[in-house]
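Dear colleague,

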Amino acid sequence: MNKPSLTSLLALTAIILVSCGCRLPVENDPLADSGRTQRTESLLQNLKALGDSAVYMFGHHDDTMYGIGWQNNDAGDSAVHQRSDAESVCGDFPALLSFDLGHLELGHDKNLDGVPFDRMRKEIVAHDECGGMTTLSWHLDNPLSGGSSWVADSLKEVESGTVAAILEGGVKHERFLSWLDRVADFLNSLVTPEGVRIPVIFRPWHEHTGSWFWWGQAHCTAEQYKALWQMTVSRLKEKGVVNALYAYSPGSEPDGNPEKYLERYPGDDVIDLMGLDCYCFAPDADTMRVAAYAAQLDKNLGMACRIAREHGKAVALTETGYEGIKTTDWWTHTLAPVLARHPISYVLVWRNAHDKPGHFFAPYPGHPSAADFVQFYNDSKTLFLRDVKRQ
């Protein structure tokens with residue numbers, strides 16, 4: 001399944017991405033004026049360049065860790081970067097991998113979905129070796145109630161005070177700083193075999209325009225949310241993190257309204273990439289709901305791209321997908337036509353759970369949308385790992 005010849009623009013973009021990912025001696029990756037490594041700054045510029053082009057990277061959460069009918073938690077080198085549902089369908093890995101740091105804050109050796117952090121680290125290193133990119137989300141537990149990221153009805157009153165409790169002066173402030181320090185330790189551990197820091201996109205506090213997470217719209221004020229972001233980035237930098245870009249990703253609730261999108265924006269000095277999370281909720285292949293998703297995505301992406309350009313930021317569709325992919329042509333007839341209209345750097349679909357039937361967002365061999373996904377892969381606008389692979 002070889003992708004057809006790409007346009008000269010796509011080839012140029014791939015060369016730019018490869019040059020960003022090249023392995024350099026430690027002394028040849030100095031800090032830039034921003035205080036981040038030069039490789040990290042180059043990644044940011046390349047994300048912006050993708051936004052100015054007609055191509056975008058495809059990403060899949062936990063892509064190389066598990067899939068439909070399989071799981072591989074072996075951290076041995078022979079098991080790393082060897083399997084993927086997406087690769088099994090189209091013959092190529094996503095250009096972008098995504099992982100979650102939830103439960104790292106608790107000192108656990110595995111995240112909330114059972115992915116060992118040591119294996120995650122090895123996957124990031126291996127993907128970087130190939131020229132790929134990684135983004136990290138953080139579904140952390142609630143430091144006040146002891147619950148999960150998701151707000152429980154029985155604890156709603158308690159959890160609505162969580163952000164206030166972890167800000168400076170709050171009763172859980174010191175505890176939360178220790179959690180941030182564990183995140184910093186992990187980010188600082190992402191290095192090539194030569195000791196060069198690997199740049200990643202860190203995307204905490206996402207979908208805050210909804211209220212299902214304890215940092216969401218109904219559970220803290222706009223000023224508290226901004227302060228949460230500012231404290232997070234400040235602490236990570238204080239702990240020596242120089243290889244992270246920071247992504248702001250509301251849900252679809254702004255519905256094309258720039259004021260609502262920016263209501264809790266923590267500032268240009270904090271954020272590097274602007275995006276949004278927007279999912280297709282259409283049980284039983286409801287064509288009207290699929291069409292409504294496409295219209296909503298089109299409206300919100302148009303807004304996010306305009307705002308990102310005004311603020312000089314990279315832009316991406318930071319999460320999307322159709323659980324179960326119930327229409328066979330979703331990739332080429334629903335998703336791709338919308339993405340073609342907007343200058344994004346990447347699109348990320350969510351995971352293929354090995355232990356939760358029906359909870360998958362990329363095709364696997366034999367799935368009815370697999371052939372359509374191959375067409376999506378062969379589209380000259382989509383970048384997979386071979387398109388950015390280091391020569």
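A pocket is an open set of points on a 1 Å grid over the protein atoms alone, where a 1.4 Å probe fits and protein lies on both sides within 12 Å along at least five of seven lines; lining residues have an atom within 4 Å of a point. A volume is the space filled by probe spheres set on the points, which are joined across faces, edges and corners.

This is a predicted model, in which local features need pLDDT of at least 70 and side-chain atom pairs pLDDT 80 or more, whereas totals for chains, interfaces and linings use all residues. Residues are numbered from 1 along each chain as its sequence is written, and side-chain values use heavy atoms, without hydrogens and water.

The largest pocket has a volume of about 740 Å³. Its lining comprises 32 residues, with Glu-207, Tyr-279, Phe-281, Glu-319 and Phe-361 nearest the centre. Strand S8 (273-280), helix H10 (287-311) and strand S9 (314-322) each give two or more residues to this lining; helices (H or I, at least four residues) and strands (E, at least two) are DSSP runs numbered from the N terminus.

The second largest pocket holds about 160 Å³. Helix H2 (38-51), H10 and S9 each supply at least two residues of its lining, which includes Leu-47, Cys-305 and Val-315.

Finally, Trp-330, Trp-331, Thr-332, Leu-335 and Ala-336 in H11 meet Asp-372, Phe-373, Gln-375 and Phe-376 in H12, contact meaning heavy atoms within 4.5 Å.

Yours sincerely
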